[in-house]
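Opening my notebook on this one. I want to jot down what I looked up, entry by entry.

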Amino acid sequence: MVEATTDKTFETDTAKGVTLTDFWATWCGPCRMQSPVVEQLAGEMGDKVTFNKMDVDANPETASNFGIMSIPTLLVKKNGEVVDTLVGYHSKEQIMKTLDQYVEA
């Protein structure tokens, strides 16, 4: 399941393990295409990766702190540290390949 995160909860929500945060907005067409892909991955990899989403219009502070200028942006963190950033629409296979690098076998 993909949980919503906010400026207030982001650091806590992404502090442990491997996390993927989908930065999006309701008016963003590519974001609406990316969202079901992230949901699908959450169903398949939810035991290894924590999936979050953040509406950049409602939570501009975090997006600004990470220099996110384009959406969708997928931010991958491991134990609280940013390890990868995917900008624009990405296929399920591309995202899975990226996440697999950071998940312990």
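Predicted model: local features only at pLDDT ≥ 70, side-chain atom pairs only at ≥ 80, totals over all residues.

Before anything else, a term I need: two residues are in contact when they have heavy atoms within 4.5 Å.

**Entry: Val 37**

I started with Val 37, which sits in helix α2. Is Val 37 buried or exposed? Buried means under 20% relative accessible area, and Val 37 has 10% relative accessibility, so it counts as buried. Next I checked what Val 37 touches, skipping residues up to four places away in sequence: I found Tyr 89, His 90, Ser 91, Lys 92 and Ile 95.

**Entry: α2 against α4**

Two names on that list, Lys 92 and Ile 95, turn up again where α2 meets α4. How are the two helices, α2 (residues 29-45) and α4 (residues 92-100), angled? They pack at about 45°, with their axes 10 Å apart. That angle is why I noted α2 as oblique to α4. The crossing is right-handed.

From α2, the residues in this contact are Gln 34, Val 37, Gln 40, Leu 41, Glu 44 and Met 45; from α4 they are Lys 92, Ile 95, Met 96, Leu 99 and Asp 100. Sorted by class, I get six nonpolar, two polar and three charged residues.

**Entry: the cores**

Then I went looking for nonpolar cores. The largest has 17 residues, and the members touching the most others are Val 18, Leu 20, Val 49, Phe 51, Ile 95 and Leu 99. Which elements give two or more residues to this core? My list reads β2 (18-24), α2, β3 (49-55), β4 (73-78) and α4. The biggest giver is α2, with five residues.

Leaving out residues up to four places away in sequence, its contacts include Val 38, Val 49, Phe 51, Leu 74, Val 76, Ile 95 and Leu 99. There is also a second, separate core of 11 residues, with Phe 23, Cys 31, Val 56 and Ile 71 among them.

Most residues other than glycine have a negative phi, and most peptide bonds are trans. I found an exception to each. Ile 71 and Pro 72 are joined by a cis peptide bond, with omega about 0°. Pro 72 is in the loop between α3 (60-65) and β4. Asn 79, not a glycine, has a positive phi of about 50°; I located Asn 79 in the loop between β4 and β5 (81-87).

Technical notes: Residues numbered from 1 in each chain as written. Heavy atoms only, no water. Axes fitted to C-alpha atoms, helices over the stretch in contact; angles between N-to-C directions. Helix = DSSP H or I, 4+ residues; strand = E, 2+ residues; numbered from the N terminus. Parallel < 35°, antiparallel > 145°, perpendicular 65-115°, else oblique. Left-handed = near helix turned anticlockwise from the far one by under 90°. Nonpolar A, V, L, I, M, F, W, Y, C, P; charged D, E, K, R; others polar. Core = buried A, V, L, I, M, F, W, Y, C linked by side-chain atoms within 4.5 Å. Buried < 20%, exposed > 50% of the residue type's maximum accessible area, 1.4 Å probe, protein only.
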